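Have the viewer open and follow along as we go.

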Amino acid sequence: MTMPPPPQQPTGPYGAHPGPYGGGPQPGPYGAQPGPYGGGAQPGFPQQYPGPGPYGGGPVPGPYGAPPPRRKRTGLVAGLVAGSLVLLGCLGYGVTMVLDGDDSPFPAATHKLVVPQLLVDGEYKLAQDMSDTEGKKILDTTHSPLVRTGGAAVAQYTAEKDGQVKVLVVSGLYGQIKKPDQQRRAMLDGAGTAKSAKVETPPKDVTPAGSDVTVECQVLTDTDSAVSFPMCAVGDENTTLSVGVVDALSAGQQGAAPDLAKAAELTLKVRNEMRTPIG
């Protein structure tokens, strides 16, 4: 007696495959797919296309992309110093005129101010020498019977360490100076009356440890940018020099009082490196 053939298994929706309990493993729900360029079967996973970022490059991580880089404060500091600090330093010579009578002879001219490429043991690099422009304004506005001007030095220096930017502005004159203490105070007083300047701490004497040279320092605020900074001045019979310094601390933090003792020490270092014998 001839037996009838066994019944065939039904065909699944994605191709022939054995029943749920027999045969080899079932392929995935998408079946075996041929590769896009021929060849053997590829695994049945849906293709993923992680697109590049909106301006090229690798895939954008996360739903909103990579966070934008943090902005540096370099532009703020440099812009402030290039404008108001230089102006403040230069106006200090012409605003207050010393008219006290003095029949004593002028001191001999033995020293001058120079603008080196590096200052403060090489920490600060020269960014701009403005002796021919801003320096000329100092000479043109210095009208004191106690001063015979020989020249002026105005410059901007910058330093950067660990991503922090510091800017140093020096302005001064040299020649023959009677009563240098009065001229030193005239520089600070004049700076405090400049436009957009507000005196936060009035001028006071600061003598750095181990030094017999008196430095006068004050704290000014630029009202346009709300940035506070120390400004110090030092003078002798041949040179008068002011130093203003702005760093990321004064430019970015409210309520941080500038260290006048440190600013005075810095001023003396600048003076010692810029003050040079004549001849």
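Strand S7 (residues 164-177) pairs with S11 in the antiparallel sense, over nine bridges; strands here are DSSP runs (E, at least two residues) numbered from the N terminus, and two of them pair if DSSP finds at least two bridges between them. Within S11, Val245 has Leu168 standing opposite.

This is a predicted model, in which local features need pLDDT of at least 70, side-chain atom pairs count only at pLDDT 80 or more, and totals for chains, interfaces and linings use all residues. Residues are numbered from 1 along each chain as its sequence is written, and side-chain values use heavy atoms, leaving out hydrogens and water.

## The whole sheet

Eight strands make up an open sheet with antiparallel pairing, in the order S4-S5-S6-S7-S11-S10-S9-S8. At its edges are strand S4 (118-119) and strand S8 (197-206), each pairing on one side only.

## Helix across the strands

Helix H2 (residues 134-141) lies across strand S6 (147-161) and S7, and runs at about 145° to S6. Helices are DSSP runs of H or I with at least four residues; the angles, from 0 to 180 degrees, are between N-to-C directions of axes fitted to C-alpha atoms, for helices over the stretch in contact.

## A look at Asp247

Asp247 is found in strand S11 (residues 239-247). Which residues does Asp247 touch, not counting those up to four places away in sequence? They are Val165 and Lys166, where contact means heavy atoms within 4.5 Å. Asp247 and Val167 are 80 residues apart in sequence, yet 6.2 Å apart in space, C-alpha to C-alpha.
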